[in-house]
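Please keep the sequence and coordinates at hand while reading.

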Amino acid sequence: MKSGETADSLLSLGLRVWEGKAYVHETAVVDPGAEIGEGTRIWHFSHVMGGARIGPRCTLGQNVFVARGAVIGAGCKIQNNVSVYEGVVLEDEVFVGPSAVFTNVKTPRAGFPRNTSEDYVRTVVRRGASIGANATVVCGVTIGEWAMVGAGAVVTRDVPPYALVLGVPARISGWVCECGLPLTFDSSGQAVCSCGRRYERVDETTVRKVGDGGTVENPRS
């Protein structure tokens, strides 16, 4: 729980205890067979299907749908009006902004249904990545660790770790630290974030972290 919170304060917000470990709002639906980790919170009008897997310490906002076979790791935050379909894998600490869109079929047709597990194309969002509000992730891509997808972008191909991608289609516009702040590289290809983490630009599409630095937990600038 957050500082100052109690079980009674959460219950007063309409949350109910689910299987002794998670909190689910009274308007939300969790089908039998769903797996939900300890401390996760699921808010108003959300629906988690049986066979979905959600890790501990996650927050699912209002009107979030999680399909059978979808996987959500630990510590993820999914904002309002997001559907996580079968074939989508979110690793730990992924942020998904409001009304972001995932897909799972490349060539959908109402007249020629493609709605079985064999039809669905896998999408992976690696640890710590962020997806901005109203962004669209076309199925079949991998978004790298700690990457950041700008609001409204349309992702049609893989995104490298630490990349900031913007636009339609999304293209690399810059690079970001694990803490989320933008990186500025010097002439030798080195960057030091204000949080203390260090990075090296290997080439135009590859950045890697150097060492285990980082002393400021939540830097602002």
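Two strands are taken as paired if DSSP finds at least two bridges between them, and strands themselves are DSSP runs of at least two residues, numbered from the N terminus. The model discussed here is predicted.

In this sense, strand E1 (residues 15-18) and E2 are joined by four bridges and run antiparallel. The two strands form a hairpin with three residues between them, and glutamate 19, which lies in the turn, has a positive phi of about 50°. Within this pairing, valine 17 stands opposite tyrosine 23 of E2.

Tyrosine 23 also stands opposite arginine 41 in E5, where E2 and strand E5 (residues 41-42) run parallel and are joined by two bridges. As for the side chains of E2 (residues 22-25), Ala22 and Val24 point one way while Tyr23 and His25 point the other way, and all of them are buried.

The pairings described in this report are collected below.

| Strands | Sense | Bridges |
|---|---|---|
| E1 and E2 | antiparallel | four bridges |
| E2 and E5 | parallel | two bridges |
| E11 and E14 | parallel | two bridges |

These strands belong to an open sheet of 10 strands with mixed pairing, in the order E1-E2-E5-E8-E11-E14-E17-E20-E22-E23. Because E1 and strand E23 (171-175) stand at the edges with a single partner strand each, one side of each is left without a neighbour in the sheet. Further along the order, strand E11 (residues 77-78) pairs with strand E14 (residues 95-96), and isoleucine 78 has valine 96 in E14 as its bridge partner.

Methods:
Residues are numbered from 1 along each chain as its sequence is written. This is a predicted model: local features need pLDDT of at least 70, side-chain atom pairs count only at pLDDT 80 or more; totals for chains, interfaces and linings use all residues. Side-chain values use heavy atoms; hydrogens and water are left out. Buried means under 20% relative accessible area, exposed over 50%, partly exposed in between (1.4 Å probe, protein chains only).
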